[in-house]
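Try each one on the model before you read the solution.

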Amino acid sequence: FANIHSSSGGVLQFPSLSNDKYNFIQSGESAAGMSLPGIRGGDSTRILDLANYKVEVSDADTITVKRGGIRGGLQSFFGFNRGYEFRLGGIDAPETFHGELGMKSAQPHADDATLALKAMIGESGSLQLVFDPENITYGRMVGAVIADGRNVNFDLVKRGQVAALPFYKAGTKPIVDLTGIERLEEFSRQ
């Protein structure tokens, strides 16, 4: 089982891929063999169409996904109001203000980077999340956002809003092409 922290403070458990029951991510189809911009995931990589999900941006490298469409008591009863956090792979964003338990104040350019990600997501016609449910860091699955066929992780680096972060969990494959994202960072500095 993989532990994922929900935005409500609880810890959710997702069965391993062999069980193929992801709780709220049941619609995630295999991304293995698909050609997606800048994505290098392995056999366990999934892709989720976010058309029926609400996407919240915590900062420029963390999003929370909630199932949409059901409101009120039924939403709570079936657990559809839970938020699932995803760490955007291959990038590192300046931290935003996180209240008393986290950052006491936002780091320089954190708000600009967060607004850039919110705009990219909000202005997209088609939005997908590519993730590996077995690749978890700091309680969040690692993923990449694809908006209108473009890799948002890469676009944030290209714009200079975030830094490339050539890090991935030992024993897993990086979700994004780390060499490509580092080249984009070099290019953005010129």
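**Exercise 1: a leucine in a strand**

Take Leu129, which sits in strand 9 (residues 127–137). Keep in mind that the model is predicted.

Task: work out whether Leu129 is buried or exposed, and which residues it touches beyond its sequence neighbours.

Solution, step by step:
- Start with the area: Leu129 has a relative accessible area of 0%. The cut-off for buried is under 20%, so Leu129 is buried because of that 0% value.
- Leu129 is then in contact with Arg46, Ile47, Leu48, Leu50, Ile63, Val65, Phe86, Ala144 and Val145.

**Exercise 2: an asparagine in a strand**

Task: find out where Asn151 lies, and which backbone nitrogen its side chain reaches.

Solution, step by step:
- Locate the residue: Asn151 belongs to strand 11 (residues 150–151).
- Look at its cover: Asn151 counts as buried because its relative accessibility is 4%.
- Follow the side chain of Asn151 to the backbone nitrogen of Asn153, at 3.0 Å.
- Now leave out neighbours within four places in sequence: Asn151 contacts Pro37, Gly38, Ile39, Ala144, Val145, Ile146 and Val176.

**Exercise 3: zooming out**

Task: how many helices and strands does the protein chain have, and what share of its residues is buried?

Solution, step by step:
- Count the elements: four helices and 12 strands.
- Then the burial: 47% of the 190 residues are buried.
- Last, the surface: the chain exposes about 10000 Å², with 48% supplied by carbon and sulfur atoms.

Note on methods
Residues numbered from 1 in each chain as written. Predicted model: local features only at pLDDT ≥ 70, side-chain atom pairs only at ≥ 80, totals over all residues. Heavy atoms only, no water. Helix = DSSP H or I, 4+ residues; strand = E, 2+ residues; numbered from the N terminus. Buried < 20%, exposed > 50% of the residue type's maximum accessible area, 1.4 Å probe, protein only. Polar contact = N/O pair within 3.5 Å; in protein donor to acceptor, adjacent residues only side chain to side chain. Contact = heavy atoms within 4.5 Å. Areas by Shrake-Rupley, 256 points an atom, 1.4 Å probe, with all protein chains shown as cover.
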